[in-house]
Amino acid sequence: MTRAAAAPEPEPLCVFGTGDFGRSLGQRLQQTAYRVVYGSRRPHSCGPLPQGAQVMSHVAAAQSASVVFVCIHRENYDFLETFAPQLKGKVLVDVSNNPKKNIYPEANAEYLQRLVPGAHVVKAFNTLSAWALQNGPSDASRQVYLCGNSSEAKQAVAQVATKLGLTVLDRGSLAAARELEDFPLELFPEWRLPFRLAISLVAFLFFYLLIRDIIYEYVVNGKDISFRIMVSLANKVFPIASLIMLSLCYLPGIIAAFLQLYRGTKYKRFPDWLDRWMLCRKQLGLIALGFAVLHVLYTLIIPIRYVAGAQIIKENQTTVFDTTVAWRGDSFYSTGILGFGLYLLLGITSLPSVSNALSWREFSFVQSKLGYLTLFLCTLHTYLYGRDKFLFPSTYKWYTPPGYMLSLVVPSVVIVLKLLILLPCVDSRLTRIRRGWERTDQEEDSKESLLT
Amino acid sequence: MTRAAAAPEPEPLCVFGTGDFGRSLGQRLQQTAYRVVYGSRRPHSCGPLPQGAQVMSHVAAAQSASVVFVCIHRENYDFLETFAPQLKGKVLVDVSNNPKKNIYPEANAEYLQRLVPGAHVVKAFNTLSAWALQNGPSDASRQVYLCGNSSEAKQAVAQVATKLGLTVLDRGSLAAARELEDFPLELFPEWRLPFRLAISLVAFLFFYLLIRDIIYEYVVNGKDISFRIMVSLANKVFPIASLIMLSLCYLPGIIAAFLQLYRGTKYKRFPDWLDRWMLCRKQLGLIALGFAVLHVLYTLIIPIRYVAGAQIIKENQTTVFDTTVAWRGDSFYSTGILGFGLYLLLGITSLPSVSNALSWREFSFVQSKLGYLTLFLCTLHTYLYGRDKFLFPSTYKWYTPPGYMLSLVVPSVVIVLKLLILLPCVDSRLTRIRRGWERTDQEEDSKESLLT
Amino acid sequence: MTRAAAAPEPEPLCVFGTGDFGRSLGQRLQQTAYRVVYGSRRPHSCGPLPQGAQVMSHVAAAQSASVVFVCIHRENYDFLETFAPQLKGKVLVDVSNNPKKNIYPEANAEYLQRLVPGAHVVKAFNTLSAWALQNGPSDASRQVYLCGNSSEAKQAVAQVATKLGLTVLDRGSLAAARELEDFPLELFPEWRLPFRLAISLVAFLFFYLLIRDIIYEYVVNGKDISFRIMVSLANKVFPIASLIMLSLCYLPGIIAAFLQLYRGTKYKRFPDWLDRWMLCRKQLGLIALGFAVLHVLYTLIIPIRYVAGAQIIKENQTTVFDTTVAWRGDSFYSTGILGFGLYLLLGITSLPSVSNALSWREFSFVQSKLGYLTLFLCTLHTYLYGRDKFLFPSTYKWYTPPGYMLSLVVPSVVIVLKLLILLPCVDSRLTRIRRGWERTDQEEDSKESLLT
């Protein structure tokens, strides 16, 4: 902007193409104090353009600017070849995307570079939408990935992006263009692993319980209770999957802690599988929360089914009232409710706008301290459900343990290992390692490691 | 900032008025490396100002700067008339708002322009709050609308705004000032249409069901069951309204698709009513979700009413247990629960911070694929509720169909039409149209349309 | 960025330390068109640095730049003392944090200033994480607090921060450094008061109801119903605490209104306790909402306990059906459900991303109008619960009123006072005071006060 004040006629930016994206980009550039020149095949009939923008032929437009935004579909790049001499030395910004992955042998930006070898092609802005450009980008859409072979060209594009209020993330040479062009085509990449796990888990539990609960009953007692699939079985599958997945959020952190303790340093990289596991903890937790919500809804619907008459309350039940049983039952409900309440809280704090508002210390308090409390309450809830059932042989139909037992294995292990880590001697050692001041063997190196 | 480095004493900005907004604006300007001069009636007793800011008389302050922010209530603009000669050629930024709409015959900015005809008045910053200025604006409050007759003046203000980290949206000439001044007074403008629809729908359903359920019973059987208004009736009104409104979210998209198919192009504008309908789909969906939440709560409360004794469970019921009935009943509950779970998911992804974090492809996957699945599950849930009731004449009290039947009309139509669109031949044609490469008749024009 | 164009070799920024934070900071600086020079003990073996950055010895690096970012742990500051002459006149930016509060007698930045007295130390960037720097900061992490004794030095750092897209908040002289260093160590500072209140309230209610419900029963009738602690008692404590805390959100606003009416001006500061109370209304409301969610879950679980057989439905109950009772009961449920629905809506609108998307007028509409409606519905719900119980002496066990009566005191007072304020004569007076145009006694001053 100083530029505008110092030199009243700054060099304009050139935009090729007058479609949605070209128009929106030009408009934003103009509102950020740039002058914009459009290059068009038909400068006199190219539809509405941002007020104040000039329209010329492609050649004339390119000659007046050193940076050219190519807002054209890849299918029409070929005509640029004819201007190759005029585009020599220019920075060509490729903003294009494709409708699908792998439909062309090379990335659009590389193709453009091949057509106009004398230009400096920079891939950028392709993750931004015309809509975001028009209305001002919001947090998530503020990141602009760019790549290119000329660092001066990238610098020039980065300057424009920064001035538009965007955050530039440099991804290296033009060879990264394909990766950048695939970004907008990705569908929840970070959810893929947790989803697969969730689906496998649910499928396994479904068939396991189908055999134990429905088929066993049919084979042994000849009773068809297949209708239970819809509610009773679902209400076993979801809570078990939820508890297991919740504990899987905390397991990698514990493995990492033990690795660090064993290695005596935090500077060695974790194995790849652990890194990937750590990165999808949030997703694991949110799917677990989704299952917990379904479990709550399925549970709360149970009495309606009785009232509505699908089943009848056995009226001749003559239960002797027992305070211990009542305590156990009510504790079962209460731990479930409190655990679910905390679960919801964890879910809310992982909403982007909420977690952004937390300091790192607050976030780690919620996700770790409250997270473990949630895991503990939910595990306790399941233990109270099981009570002394594990003592009776009739529980083990066809020699298989009931579903709730399966769900207790991982959480119990996680809780025990976490308690181990919380022992003062282990904890203090781990804290020192994580502060970075500890290396076990080579004492001589210790000074440098402090300069972090 | 280069300016500050190059010329250590840059031209200051002037702020008239030392109230909340003036103070906050000056403070933010100073922290963004501007020098600020305040103009005040009483330069020596005007309360606490940002550290480092100068305070002078209005005339002196205006003379030292070319941009003057007028942070004064409109009622006090008249004194500016006396400085009109000194303000000639200056950029006057009108940041004012009014407590109500239409209390003055002309916009504040136009009034200011009339008082100081020689100045270049720019309306801007009026949608920002003093609080947002002090603490740094967040996403939504980052947009600054401006308008004015001089494009140089607008450029100068846009530069300041950009430097403050704001996104400028130019709304044209000063004639748009009234529109800008009305922005902060609007109360949920984009919710108005959906709310009216929701209220009409709820009112209609309420009276329809009141007549069918309560008044019919009173007239025909002489029984007063008016108390059912509070829970039973509410629990019919809300789910019916919810399902209808959910399907109304998807209907405009389908109408648009058929319009595009019929016209063979995406470049013709939709009729106005369809545009407005498309723009309030999110709001329709969220109100529908609200009704669904109420439906869930009302449903879950049913057995408590029995247990608590408001009604008594008919004990002599001798239901013969029937697996088919159980299947149907449990499927009814299960589709309801799963539909509601997905419904919640749709609601969560429409939170601004979540939808901002999604790429366009992810957002459209959730809102369209999962959205239709939700609609399908909820419609199935309603069909399972109805079962074979439609066969019995007693269902049609006073020749009116029961409420649930009403609720099934629009969703069923939407689902059938959607299935039509999903047919491969229709789908591929629509995809081509939406990619922009298709025009039916005039083949000669097709090349230009590709350059979008 | 103009700088880069005008002077191709701008002065670089220097970063001491090649740890996580130093690397991330350097990378972001480079991507924002700065040149970065690292100072390191071992320039040839300091691990991976951002591409294009130079690495030198500390002295050489410091000499090439006027701003030095000291990204080193405080424990290693002492070596800087040896370079003190070379650092004279430089701007030293202290970005450090400590693992705990009060482990050193002076702030890190003050210690640095003492070691290098000739430099201009500025405390800044310590609330940013390396992660936020790498990925581009989001809304909440965009604020950079800084303090220092030299305003030129602060200006220079503020320029860098602004260029990185951050919002600078100046906190004054270096004496504020300790406060800034404590920021990242704070754990929910604004939640502390509401949490303490919530815990005290819950503890008081728990013991009060324990005595009235459980111990009374044991002492008077000799029956052990201690198991009720888990569900029945919890389901009394949470709703009572919720309603009281909800009404405490609205009480300070009412007190403030009466204070303004009494004083006849809005320009006098409120007493400190009222200010603090006003600032934690949102937190009070969210905790209240949390309790309300638990109340709903505990309530919905009640019939399951009966169905599951923990208690048996008394079968010999011969309730005569009474329409008035049914009306009362169903109204009780319905007000509860609608109140909870609105409660949820209030909670959702206080999510940062949602409240940011609302204009001030919309936010105040939701939080005040809908807030009072929520309070009214929840209070009515509680009155309907109590019904005519207050007439019977048996209600007052050991002469204490039942819990629900306690919960009605504050909400009733708040609602009555609010209705008073809504009286046209009071309302219009208050509106005038809040617009700022009213002062009661000194009429001569009125003009100046309008210039806000």
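**Conventions.** I am working on a predicted model, where local features need pLDDT of at least 70 and side-chain atom pairs count only at pLDDT 80 or more, while totals for chains, interfaces and linings use all residues. Residues are numbered from 1 along each chain as written, chains are lettered from A and ligands numbered from 1 in written order, and side-chain values use heavy atoms, without hydrogens and water.

I checked residues 237-262 of chain A: 100% helix, 0% strand, with end C-alpha atoms 37 Å apart. Residues 406-426 of chain A are 95% helix and 0% strand, and their end C-alpha atoms lie 29 Å apart. Helices here are DSSP runs (H or I, at least four residues) and strands are E runs of at least two.

**Chain B pair.** I looked at helix 12 (residues 323-349) and helix 14 (residues 360-386) of chain B, which pack at about 155° with axes 8 Å apart. That makes the two helices of chain B roughly antiparallel (angles over 145 degrees). Their contact has 15 nonpolar, 9 polar and 1 charged residues, with Gly counted as polar.

**B:Ser24.** I placed B:Ser24 in helix 2 (residues 20-31) of chain B. Is B:Ser24 buried or exposed? B:Ser24 counts as buried (under 20% relative accessible area) because its relative accessibility is 1%. Its side chain reaches the backbone oxygen of B:Asp20 at 2.8 Å.

Methods: Axes are lines fitted to C-alpha atoms, for helices over the stretch in contact, and angles run from 0 to 180 degrees between N-to-C directions. Angles under 35 degrees count as roughly parallel, over 145 as roughly antiparallel, 65 to 115 as roughly perpendicular and the rest as oblique. Buried means under 20% relative accessible area, exposed over 50%, partly exposed in between (1.4 Å probe, protein chains only). A polar contact is a pair of N or O atoms within 3.5 Å; within protein, one must be able to donate a hydrogen and the other to accept it, and residues adjacent in sequence count only if both atoms are side-chain atoms.
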